[in-house]
Amino acid sequence: MTQNNLYKYTIDYTLIDDIKKLKEFKILPIFRDELFLIVAVSKDNNLENIRKYFNEPIKFIEVVEKHLEFELEYIDFKLKLFSLAVSALNNTQIKNENSYIINFIDEMLNFCILNKVSDIHCECLEDSVIFRFRIDGELNQFFRFDKSLYYIISSVVKYLGNLDLSQNRIPLNARFSRKIQSDEYDIRVSTMPTIHGESIVLRILDGINIQKDINNIGFENKELKIIKEVLNLNQGLILVTGPTGSGKTTSLYAMLNLLNKKSKKIITIEDPVEYKLDGVMQVNINNDIELDYHTVLKNILRQDPDIIMIGEIRDSESLAIAMQASLTGHLVIATLHTNSAIDTITRLLDLDAQAYLIASTLKMVLSQRLLRILCDECKVYNVLEKVHKSEGCKYCNFTGYKNRRIVSEILKIDRNISNMITNSKNIGEIVKYAKENGFRTIYENGINMVNSGITSLDEFYSKV
């Protein structure tokens, strides 16, 4: 039989009764057509034994074994969600805290928080709606239901976010809060119209976990020493770089937590403010009322800040203002999208920054990625390939990975590098000098993590 993707089927959960038996046989009834009960199996199943279990004509489809194991691992919870979804369709009340659809949302949020899900994707397809959860940066499909559920999900999310329930033709953004397990969580909502309906994304903003200590978010001792030395400066520009999803926000907030003292005034400019920090003045960009980066940056120095955090340097104007602030007695921390610490210098020049200004203001560039960590429960050493691998188990949602860790490179701009930038030296010369003085690239640090059995070669190549 050809292996099929289990996730493309909408499972009829009313066919599921003896869960213990299904897990024992590693099978899953999917749906019933006019002639057969369609049952998902893996390639190692004993089909004759399975036929004896059912009292009706059976048609088997072979699916990816890990997909089947994943589906069976959470079958109890999925049955609960299915029951709430069916009840919600029969009772479409959304403005009651005890309604079925509100309970559906809360149960899903509770599960996601327990399993460290960062984003919930509710995506409308031609004849169904799917729920995908982002765990450790990777999206996995969790639930697929008849498309009729989408309409009530869309309505309740908009209701919770105080949005227009009838508006589904333009992108919408909102926030709402829910109390889950005695803790208050902020949920950021984004909707986007598509050809089949809306794509709805809920980002779970966990204010508890953002109170990060710079000492325990994954930096090596040598890197920590450099970061702390530079953060002790009274002025200058510190840049954190990397692609979307590389942990830049976590690093920025960890730095702010270290710097947040009574004697310092810190102002942040963010689009949007995701996490609230006590004692920090946070400005939320709002282009609808012309409160943009340029407007805030032009007026921020009148607020007498000691430290300024800029969510993202987007153009030459915002860079120029950030550099000017860092020249006049302010420590400026910002993010920039570049591939490496060295590339950042070239990027600053591309944004029309003068070489002497870069040399005068730039103090450190931290470039980073997040690599998934091999699951300790199923990690094995492959003697032939001489690498560690994980097969996938229930502890890691059958992905082979559990949690993530920073891999980074840090370029500290000392006097010699400043002179080389001022004199427009070749980037290769700067790299050579930095390496002679202890600089290690993100590639070298990542390979070291692979050799140490922390992550896999496949994960390393997919991120670095």
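Helices α4 (residues 75-90) and α6 (residues 148-160) pack at an angle of about 80°, their axes lying 10 Å apart; the two are therefore roughly perpendicular to each other, a term that covers angles of 65 to 115 degrees. Axes here are lines fitted to C-alpha atoms, for helices over the stretch in contact, and angles run from 0 to 180 degrees between N-to-C directions. Helices (H or I, at least four residues) and strands (E, at least two) are DSSP runs numbered from the N terminus. On the α4 side the contact (heavy atoms within 4.5 Å) is made by Ala85, Ala88 and Leu89, and on the α6 side by Ser148, Leu149 and Ile152.

The model is predicted: local features need pLDDT of at least 70 and side-chain atom pairs count only at pLDDT 80 or more, while totals for chains, interfaces and linings use all residues. Residues are numbered from 1 along each chain as its sequence is written, and side-chain values use heavy atoms, with hydrogens and water left out.

Helix α6 also lies across β4, β5, β6, β7, β8 and β9, running at about 50° to β9. Helix α5 (residues 100-114) lies across these strands too, at about 80° to β7. The six strands form an open sheet in the order β6-β5-β4-β9-β8-β7, with antiparallel pairing; two strands pair if DSSP finds at least two bridges between them. Strands β6 (138-146) and β7 (172-180) stand at the edges, each with a single partner strand, so one side of each has no neighbour in the sheet. From one strand to the next, the twist averages 20°. Within the sheet, β4 (residues 117-124) and β5 (residues 128-135) pair over seven bridges, and Cys124 stands opposite Val129 in β5.

The largest nonpolar core has 74 residues, and those with the most contacts inside it are Ile101, Phe104, Phe131, Leu149 and Ile153. Such a core is a set of buried Ala, Val, Leu, Ile, Met, Phe, Trp, Tyr and Cys residues joined through side-chain atoms within 4.5 Å, where buried means under 20% relative accessible area (1.4 Å probe, protein chains only). Helix α5 supplies the largest share of this core, nine residues. Not counting residues up to four places away in sequence, Ile101 touches Ala88, Gln93, Ile94, Leu149, Ile152, Ile153 and Val156.

Elsewhere, strand β3 (residues 58-62) is mostly covered, with four of its five residues buried. Strands β2 (residues 37-41) and β3 pair in the parallel sense over five bridges, and Val39 stands opposite Phe60 in β3.

How values were computed:
Buried means under 20% relative accessible area, exposed over 50%, partly exposed in between (1.4 Å probe, protein chains only). Angles under 35 degrees count as roughly parallel, over 145 as roughly antiparallel, 65 to 115 as roughly perpendicular and the rest as oblique.
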